Amino acid sequence: MKDLNSDVFDPTAGMDSDYSRASCSSPSDADFGFAFNDSNFSDRLLRIEIMGEPEEARPDSVGCTSILDWARRKRRREDCKKDNVVDLNGCPEEQVLNGSHPDMDDGIPCDNLDDEPAQMIEELHSGDEAANGDESSWGMDCSTVIKVKTLHISSPILAAKSPFFYKLFSNGMRESEQRNVTLRINASEEAALMELLNFMYSNTLSCSTALSLLDVLMAADKFEVASCMRYCSRLLRNLPMTPESALLYLELPSSVLMAEAVQPLTDAAKQYLAVRYKDITKYQDEVMALPLAGVEAILCSDDLQVASEDAVYDFILKWARSQYSRLEERREVLGARLARYIRFPFMTCRKLKKVLTCNDFDHEVACKLVLEALFFKAEAPHRQRIIAADESASSNRRFFIERAYKYRPVKVVEFDCPRQQCVVYLDLKREECTNLFPSGRVYSQAFHLGGQGFFLSAHCNMDQQSSFHCFGLFLGMQEKGSVSFAVDYEFAARSKPTEEFVSKYKGNYTFTGGKAVGYRNLFAIPWTSFMAEDSLYFINGVLHLRAELTIRP
């Protein structure tokens, strides 16, 4: 352990680990609780001036009973805050700060400091003097000193924990052995500051509720005590998470959110929201009411349970229109914040066409997103996997990662001549097929031929004689009126060793809305053989299926 008599104003001497990257065995990790507010171990007096707050904020600052109360109180407090600047009150014996960074030229030396008793000193002020001023009552509420606390402090201990106090105490006043330092805070910050100061000595907190820990976290950010921010973040993560608390953690001031010490807390909040609302259709009303930070946390999840990426796009558009009525503001939010969470390469071409004509997106932004998606779709499967795995390929790698859609994406090649025809490619992972047993089914996204919507469905079912389970593939037409279509169709699958598509079943059918046709045992083998490790149909863990549809004249 370093000698505490070393130069406390040496930036490398015992600073907090997040500030100086010192080891965990630094003096800043020691317990100096015995020295808190003890004149025998102190070289300065800290005078804390507690300021009044607007009438609107007072009831909340007296006592919060919920996370929502805390959030409302914080917003009111921010509304009434003065500019955070260094405030010198003209007295040559005190340096007065309201929590902002002290400038290097603001220090005023003071050589005389009367001895004070060891106990904390409190002075109550009525505010009558200020009431006679010219300012409005709101201004008086915000600026009137209602109480003063005086503490004995040790500058080495505080400087070792906080860059704020380090800069303050090394502010060109080394020749002064003793001096008064005054901090001005809002009344609602008093309890948090006292907890923070005690933590800087003892490395522990006496508070344990989410509301009080959030207050201390804010104070720790204000006075740059990274170790306390880390401590509060850990305690908050250990408390039960709720949607309200998770949203609050994600909407903390930007200075707090950017702190490395708080990152685990915000990550936990995002994960909680992503898991709770992964089925956005089930909680649609709740999700529609969420703020931007909450929606972002949900949409970044790979495990989002949605029918298709088209549904994600439709939801984002619906949410943005309900939250931002002004077109300019909506375009900014969609382009700068939400577009990155839409996996455009996995949207259908029909929906991508609509993106190009959607007025809610800036046209240049929409063209760029659609073009990038189409280039990805045109890549060979192995190239797509390389792009998705290469984090350097895009500033947002998730753009190329497929979610666990309820309806599996397909690739479609359409022909108009000599007859209307389409070729549809559907890939299923081995894990997806495993999950179909014993009676499951998985559907593809819709594709279109002759203006009608069709889909593929893969099943685990019994064979025609109901003697064993097997893999079945079916073609269905979406229900739409009483239109009928006569279609020739053919199912094929890639097979080892050539890994080329091999035809497995041909047929023709006159479709009407809601009808499906196919083959119950596509590979003419039991399910166990189909899923075996040496199966001919899984190539690198993927089953490659193809369906060709042609409208009969």
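Biologist: Are Phe-530 and Phe-538 buried or exposed?

Modeller: This is a predicted model, in which local features need pLDDT of at least 70, side-chain atom pairs count only at pLDDT 80 or more, and totals for chains, interfaces and linings use all residues. Residues are numbered from 1 along each chain as its sequence is written, and side-chain values use heavy atoms, with hydrogens and water left out. On a scale where buried means under 20% relative accessible area, exposed over 50% and partly exposed in between (1.4 Å probe, protein chains only), Phe-530 and Phe-538 are both buried.

Biologist: How many aromatic pairs does the structure hold?

Modeller: Rings of Phe, Tyr and Trp (its six-membered ring) pair if their centres lie within 6.5 Å, and planes under 30 degrees apart count as stacked, over 60 as edge-to-face and the rest as tilted. Counted in this way, the aromatic pairs of the structure number 29.

Biologist: How are the rings of Tyr-425 and Phe-501 placed, and how far apart in sequence are the parts that they tie together?

Modeller: The ring centres of Tyr-425 and Phe-501 are 5.8 Å apart and the planes stand at 55°, so this pair is tilted. Because Tyr-425 belongs to strand S8 and Phe-501 to strand S14 (residues 500-512), the parts that the pair ties together are separated in sequence by 76 residues.

Biologist: What is the arrangement of the rings of Phe-530 and Phe-538?

Modeller: Ring pairs link both residues into a cluster whose members include Phe-437, Phe-471 and Trp-527. The ring centres of Phe-530 and Phe-538 are 5.2 Å apart with the planes at 45°, so the arrangement is tilted.

Biologist: Which residue forms a salt bridge with Lys-147?

Modeller: A salt bridge is a side-chain nitrogen of Lys or Arg within 4 Å of a carboxyl oxygen of Asp or Glu, and the structure holds 20 of them. For Lys-147, which is buried at 18% relative accessible area, the closest N and O atoms are 3.1 Å apart, and the partner is Glu-190.

Biologist: What relative accessible area does Arg-408 have?

Modeller: The side chains of Arg-408 and Glu-402 meet in a salt bridge at 2.5 Å, N to O. Glu-402 is partly exposed, with a relative accessible area of 31%, whereas Arg-408 is buried, with a value of 5%.

Conventions
Helix = DSSP H or I, 4+ residues; strand = E, 2+ residues; numbered from the N terminus.
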